[in-house]
Amino acid sequence: MAHYEDQHNENNPNSALRVNEGIEKPPVVNPYFKKIKRNKLSTQEYVDGILAGNITILSQAITMVESLLPEHYEQAQEIIEKCLPYSGKSVRVGITGVPGAGKSTFIEAIGNMVTGLGHKLSVLAIDPSSERSKGSILGDKTRMETLVHNSDVFIRPSPAAGSLGGVARKTRETCLLCEAAGFDVIFIETVGVGQSETAVHSMVDMFLLLQIAGAGDELQGIKRGIMEMADMIAITKADGGNTTSAAFARSHYVNALNLFPMPESGWKPRVLTCSSREKTGLTEIWNGIEDFIKFTKSNGFFLKNRHRQLKYWMYETINEELKEHFYTNEAVSSQIPGVEKDVLEKKISSFVAARKLFDTYMKTLKK
């Protein structure tokens with residue numbers, strides 16, 4: 001065996017094996033690639049960039065608002081506070097609808113029309129993601145192909161994950177920054193019909209509900225509470241062979257709304273039909289939005305509603321902070337498993353258990 005290795009060793013001049021000298025191994029990182037260092041901007045630099053309408057800086061500020069890092073939260077609140085005097089000058093419209101109503105197609109169609117009238121539009125979305133997978137089903141940026149390239153439009157999906165309250169609060173803060181950046185029309189979209197509609201209703205001036213015709217009973221799948229929140233209902237996809245059924249659906253909703261008490265705003269909700277594909281009915285919807293804003297400003301409801309929303313978000317933030325502080329308290333979190341066990345074994349009631357945890361929390365505050 002040793003003789004065989006000597007005969008075939010590459011150092012043996014009589015061996016047929018040769019190892020040619022290879023090229024120098026290139027570095028793992030391209031030597032011509034320069035690492036870009038992202039300089040952290042000061043609060044004033046963020047504010048100046050936002051007020052100048054710099055979309056890049058606006059996006060970075062919103063990312064900071066969405067961040068869970070304490071240092072980001074502090075600076076984000078400083079930015080919002082400095083931008084606050086420049087906010088509030090937009091028309092905020094909440095848009096929701098049943099799945100399949102064509103929300104993205106509608107927003108793209110009416111969005112391009114609105115910017116054509118000289119407005120700057122920001123499209124935000126409340127999309128509480130799956131708590132299990134942390135995934136998000138929102139795909140507005142891929143569906144709104146023309147709107148995303150419109151220089152007068154800023155589209156921003158909601159944070160990737162989080163509680164509805166947290167996502168809604170961040171969406172409202174994003175709204176304030178967009179207003180400071182010069183966007184005078186804000187569309188806040190929700191995915192589907194559910195709890196997020198209530199959150200959106202607490203941050204918009206007008207609530208628009210999109211519905212489709214020809215899906216069986218026109219009033220099925222829609223909660224009465226959502227209907228009562230709507231200031232306008234738009235029957236979408238009113239084109240081709242669907243025109244007649246859209247008109248029929250419109251009469252259904254008009255009759256249904258007549259059964260509801262007059263809203264606090266004093267505005268009687270309108271029901272219109274439209275086609276995002278054929279671009280019909282969009283002008284009437286936008287005119288209806290403008291009419292609503294003029295009407296509520298003239299009777300004082302617009303300002304009253306905004307003041308109510310400001311107080312709502314103050315108390316909502318207090319509730320969120322207290323909840324977070326309670327559950328992250330070490331004494332409470334360590335006691336929860338045992339208390340849960342006692343509840344399941346019927347040793348104590350749920351109410352007594354809650355009081356027990358709360359008493360523990362209060363004792364830690366007194367120390």
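Is Arg306 buried or exposed? With a relative accessibility of 10%, Arg306 counts as buried; that word means under 20% relative accessible area, while exposed means over 50% and partly exposed is in between (1.4 Å probe, protein chains only). Before we go on, a quick note on what you're looking at. This is a predicted model, where local features need pLDDT of at least 70, side-chain atom pairs count only at pLDDT 80 or more, and totals for chains, interfaces and linings use all residues. Residues are numbered from 1 along each chain as its sequence is written, and side-chain values use heavy atoms, with hydrogens and water left out.

Let's start with the overall picture. The chain has 14 helices and seven strands; these are DSSP runs numbered from the N terminus, with helices being H or I runs of at least four residues and strands being E runs of at least two. Of the 367 residues in the chain, 42% are buried. Now take the contacts, meaning heavy atoms within 4.5 Å, between residues at least 6 apart in sequence: 75% of them join residues at least 24 apart.

Next, the inside. A nonpolar core is a set of buried Ala, Val, Leu, Ile, Met, Phe, Trp, Tyr and Cys residues joined through side-chain atoms within 4.5 Å. The largest one here has 49 residues, and Ile50, Leu58, Leu177 and Ile233 are those with the most contacts inside it. Helix H7 (residues 164–180) gives the most to this core, with seven residues. Pick out Ile50 and look around: leaving out residues up to four places away in sequence, Ile50 touches Ile57, Leu58, Ala61, Ile79, Cys83, Leu177, Ala180 and Ala181. There's also a second, separate core of 32 residues, and Val98, Phe106, Val114 and Met232 are among its members.

Some of those names take us to helix H3. H3 covers residues 55–66, and its 12 residues should span 16 Å at 1.5 Å a residue, which agrees with the 16 Å between its end C-alpha atoms. (The expected span is 1.5 Å times one less than the number of residues.) Its buried residues are Ile57, Leu58, Ala61, Ile62, Met64, Val65 and Glu66.

Arg156 sits in strand S3 (residues 153–156), and at 15% relative accessibility Arg156 counts as buried. Its side chain makes a polar contact of 3.1 Å with that of Thr63. A polar contact is a pair of N or O atoms within 3.5 Å; within protein, one must be able to donate a hydrogen and the other to accept it, and residues adjacent in sequence count only if both atoms are side-chain atoms. Setting aside neighbours within four places in sequence, Arg156 is in contact with Ser59, Ile62, Thr63, Glu66, Val123, Leu124 and Ala125.

Now for the charged pairs. A salt bridge is a side-chain nitrogen of Lys or Arg within 4 Å of a carboxyl oxygen of Asp or Glu, and the whole structure has 11 of them. Asp205 lies in the loop between helix H8 (196–201) and strand S5 (206–212), and Arg306 in helix H12, so the pair ties together parts that are 101 residues apart in sequence. Asp205, at 6% relative accessibility, counts as buried too.

Arg277 and Asp239 make another salt bridge, at 3.2 Å between the closest N and O atoms. Here Arg277 is exposed, with a relative accessible area of 62%, whereas Asp239 counts as buried at 11%.

Finally, visit helix H13 (residues 330–344). H13 has 15 residues and reaches 22 Å from first C-alpha to last, close to the expected 21 Å. Follow H13 along and you'll find a kink of about 40° at Ile336, shortly before the proline Pro337; the bend is the angle between axes fitted to the seven residues ending at a residue and the seven starting there. Val332, Ile336, Val339 and Asp342 are the buried residues of H13, and they pack against helix H12 (301–327) and helix H14 (350–366). Asn329 caps the N-terminal end, with a side-chain oxygen 3.0 Å from the backbone nitrogen of Ala331. After H13 comes Lys346, whose phi is positive, near 60°.
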